[in-house]
Amino acid sequence: MTGQFGLRQKALTYLVLAPLAILFLAPFAWLVSASFQPMGEIFSSTPHWIPQDATLEGYKGFLNVGQLTKAQQAQGHGDWRWFVNSAVVAVTITVLQTFFNALCAYCFAKRRFPGRNGIFVLFLATMMVPGQVTLIPNYLIIQHIPFFGGNDWMGNGGHGWLDSYWGLIMPGIVSAFGIFLLRQYMLSIPDQLLEAARIDGAGEFRIFRSVVLPLCGPALAANAIFTFQGAWEDFFWPLIIMSSPEKITAPVGLALFVVQNRTSWTLLFAGSVIAALPMIVVFLVFQRRFVQGIALTGIKG
């Protein structure tokens, strides 16, 4: 009887989730299909989920590879540098933010110092402040960084970190949400393990590196996925501080590409598919640990 109930419950779960999965996957599936379709097929009266006359012209035109017609050359093309820039910035932010978030989370979860809970509450309060509120202060701070971009020791005379990778990376190396996520996970680690390491003569950083981090794999993976996705998709901040065409990231490049090529839907679809691939790959690689991290975070505290 119990087995039949479990089977019915599982069937009901799939019956509810399958249509939702199709609903969310259908737009991306059509985008991939449309990127291989010629313009006439894309706007035909009957949508085609499977390309009838598959072609790579959209990808060739976007990346400016292969033999292109004069019309395609006149439309302009995308640039691999957009994706390279996005990859460098996103990977760097992900690595640095994961490390510093873990350090801060360890202090809040396993170290005791005056005002610890109050400081942590202030960290959480910053999550309620919209990014638009801190946009101008962040811009001014980046502009007046001393000794960079022609600035003197007072931060005047130049442009600081504006129009540089430093300006894209440094504001994103710490996240209040990431600290909260990792702190909640670290609370579930028994203090006895840390005390045993201290008895063996390990210092705090050694405990953090050799004991705590290996046990936080799922939470670290979840933090890394959220961070990479946010850094890869970030549009507003790069649009404001970057002015050199060779330094812009993929979201900004695609937006400018749309402005310059309003009717080049095949090229735009191809560029959108290329831009989405890194996030899909990262999620598929870390999917198992990501689910574990979300499921286990918040057991204590």
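Biologist: Which residues make the nonpolar surface patch of about 760 Å²?

Modeller: Patch members need over 30% relative accessible area and no salt bridge, with nonpolar side chains (Val, Leu, Ile, Met, Phe, Trp, Tyr) joined within 5 Å and like charges within 9 Å. A salt bridge here is a Lys or Arg side-chain nitrogen within 4 Å of an Asp or Glu carboxyl oxygen, and areas are Shrake-Rupley with a 1.4 Å probe, with only the protein chains shown counting as cover for residues. The patch consists of Leu12, Leu15, Val16, Leu17, Leu20, Leu23 and Phe24.

Biologist: What kind of model is this?

Modeller: Numbering runs from 1 along each chain as its sequence is written, and side-chain values use heavy atoms, leaving out hydrogens and water. Local features need pLDDT of at least 70 and side-chain atom pairs 80 or more, while totals for chains, interfaces and linings use all residues, since the model is predicted.

Biologist: Where is Leu12 found?

Modeller: Helices (H or I, at least four residues) and strands (E, at least two) are DSSP runs, numbered from the N terminus. The UniProt record, an unreviewed entry, places a "transmembrane region" at residues 12-32, among others; its positions use the numbering here, feature names are shortened, and annotations may be inferred rather than shown by experiment. That stretch is 100% helix, with end C-alpha atoms 30 Å apart. Leu12 is in helix α1 (residues 2-35).

Biologist: Is Ser33 buried or exposed?

Modeller: Ser33 is in helix α1 too, and its contacts (heavy atoms within 4.5 Å) beyond four places in sequence are His48, Trp49, Ile50 and Pro51. The classes are buried under 20% relative accessible area, exposed over 50% and partly exposed in between (1.4 Å probe, protein chains only). With a relative accessible area of 6%, Ser33 is buried.

Biologist: Which residues is Phe83 in contact with, leaving aside neighbours within four places in sequence?

Modeller: Phe83 is among the residues with the most contacts inside the 38-residue core. Its partners are Phe62, Trp232, Ala250, Gly271, Ile274 and Ala275.

Biologist: How many helices are there in the protein chain?

Modeller: Residues 265-286 are 100% helix, with end C-alpha atoms 32 Å apart. The protein chain has zero strands, and its helices number 15.

Notes: Core = buried A, V, L, I, M, F, W, Y, C linked by side-chain atoms within 4.5 Å.
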